[in-house]
Amino acid sequence: MNPRVAVLGTGRMGTAVARRLAETGLPLVVWNRTRSRAEEVGAGIVVATPAEAVAMVDVVITSLTGADALRATFGGPTGALARAHGQIFVEMSTAGPDVLEELAPLVAQTGSTLVDAPVIGAPPLVREGAGLLIAGGVRADVDRVRPVLERLGELRHVGLSGSGARLKLVANSMLGALVLIAAELETAGKAVGLDPVVTFDLLTRFVPSLAIRRSGYLEDRHEPTMFALRDLRKDLDLALSTFHRVDAHVPITALVREWVDEAAVADADNDVSAVVYRYAQSHVGVT
């Protein structure tokens, strides 16, 4: 029998996860703080509280904006833990490892378990079942939820609890560096007379994942947003906090964060490809 799954948080990624799971035949319950956003998913049963969702399912997936949203969703009389009773919780938000250390013992007190399994890949890839999920936790717990998560893409167990969250910060730091260097080279190529299409096609030979942002780099169209600049800025802050705590030497990541912050002043809600416009204006001088 298929496990029943709740998705708590129906932003861009949560919606992609929910729709994909529903399309693969899993019974689904969805919740979002703004109910209309959950209703827009167009799949599963929409409920009023996290507690109500958890009471109905075997697996609980959270995809929220950050640590504060997680605390609010898990805690309180209508929160997820109020009705937890032996489920497996899969935390997919990019909220850093610290909040997992807070939540794990609270989840355990209910007889439930917590796995962190953030997604690498934009929502369209998840909708196709082509994401990469990097899971931290006890291997047996990861294997227990594998039949659900592999519907979203490849699942890799990367270490103990928190390892997935830490690796996601590495991944998003890399993404920040890649979108910036692509912007730099795209605008520099244009400045020296190269065809922007030819330049971009060459860049995608080195970084194939850039291809999904072709319209952003070549046509200055940064919507619909797959990953907002404001979210990348938040993730870079989390990454730098985590890296600096252990005295990791990350000057390039710090510089990437500075440039992303500057780009986000004007284009915070746009996709991360919007750095190309900011870069062209403030660094190269090409319009």
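This is a predicted model: local features need pLDDT of at least 70, side-chain atom pairs count only at pLDDT 80 or more; totals for chains, interfaces and linings use all residues.

**Entry 1: the end of H8.** Which residue follows H8, and what is its phi? I found Gly193 there, with a positive phi near 95 degrees. A note on names before I go on: helices (H or I, at least four residues) and strands (E, at least two) are DSSP runs, numbered from the N terminus.

Residues are numbered from 1 along each chain as its sequence is written, and side-chain values use heavy atoms, with hydrogens and water left out.

**Entry 2: helix lengths.** H8 has 29 residues and reaches 42 Å from first C-alpha to last, close to the 42 Å expected.

**Entry 3: H8 against H12.** Two packed helices are described by the angle between their axes and the distance between the axes. I looked up both: the axes of H8 (residues 163-191) and H12 come within 9 Å and cross at roughly 65 degrees. Here axes are lines fitted to C-alpha atoms, for helices over the stretch in contact, and angles run from 0 to 180 degrees between N-to-C directions. The crossing of H8 and H12 is left-handed, meaning that the near helix is turned anticlockwise from the far one by less than a right angle.

Which residues meet there? From H8 I listed Ser173, Gly176, Ala177 and Leu180, and from H12 Thr253, Val256, Trp259 and Val260. By class, this contact has 5 nonpolar, 3 polar and no charged residues. The classes are Ala, Val, Leu, Ile, Met, Phe, Trp, Tyr, Cys and Pro as nonpolar, Asp, Glu, Lys and Arg as charged, and the others, Gly among them, as polar.

The buried residues of H12 are Thr253, Val256, Arg257, Trp259, Val260, Ala263, Ala264 and Asp267.

**Entry 4: Ser173.** Ser173 of H8 is buried, at 8% relative accessibility. Contact means heavy atoms within 4.5 Å. Setting aside neighbours within four places in sequence, I found Ser173 in contact with Leu236, Ala239, Phe243 and Thr253.

**Entry 5: aromatic pairs.** How many aromatic pairs does the structure hold? I count 2, with rings of Phe, Tyr and Trp (its six-membered ring) pairing if their centres lie within 6.5 Å; planes under 30 degrees apart are stacked, over 60 edge-to-face and the rest tilted. Phe74 and Phe89 form a tilted pair, 5.5 Å centre to centre with 40 degrees between the planes. Phe74 lies in H4 (residues 67-74) and Phe89 in strand E5 (residues 88-91), so the pair ties together parts 15 residues apart in sequence. Phe74 and Phe89 are both buried.

Phe200 and Tyr217 form a tilted pair as well, at 5.6 Å and 35 degrees. This one links H9 (residues 196-206) to H10 (residues 214-219), across 17 residues. Phe200 and Tyr217 are buried too.

**Entry 6: the loop between H10 and H11.** Asp220 sits in this loop, and its phi is positive, near 55 degrees, though it is not a glycine. Asp220 counts as partly exposed, at 45% relative accessibility. Pro224 is in the loop between H10 and H11 (229-245), and the peptide bond from Glu223 to Pro224 is cis, with omega near 5 degrees.

Beyond neighbours within four places in sequence, Thr225 is in contact with Arg12, Asp269, Asn270 and Asp271.

**Entry 7: one more loop.** Asp247, in the loop between H11 and H12, has a positive phi near 60 degrees. Asp247 is exposed, with a relative accessible area of 69%.

Definitions and conventions. Buried means under 20% relative accessible area, exposed over 50%, partly exposed in between (1.4 Å probe, protein chains only). The expected span of a helix is 1.5 Å times one less than its number of residues.
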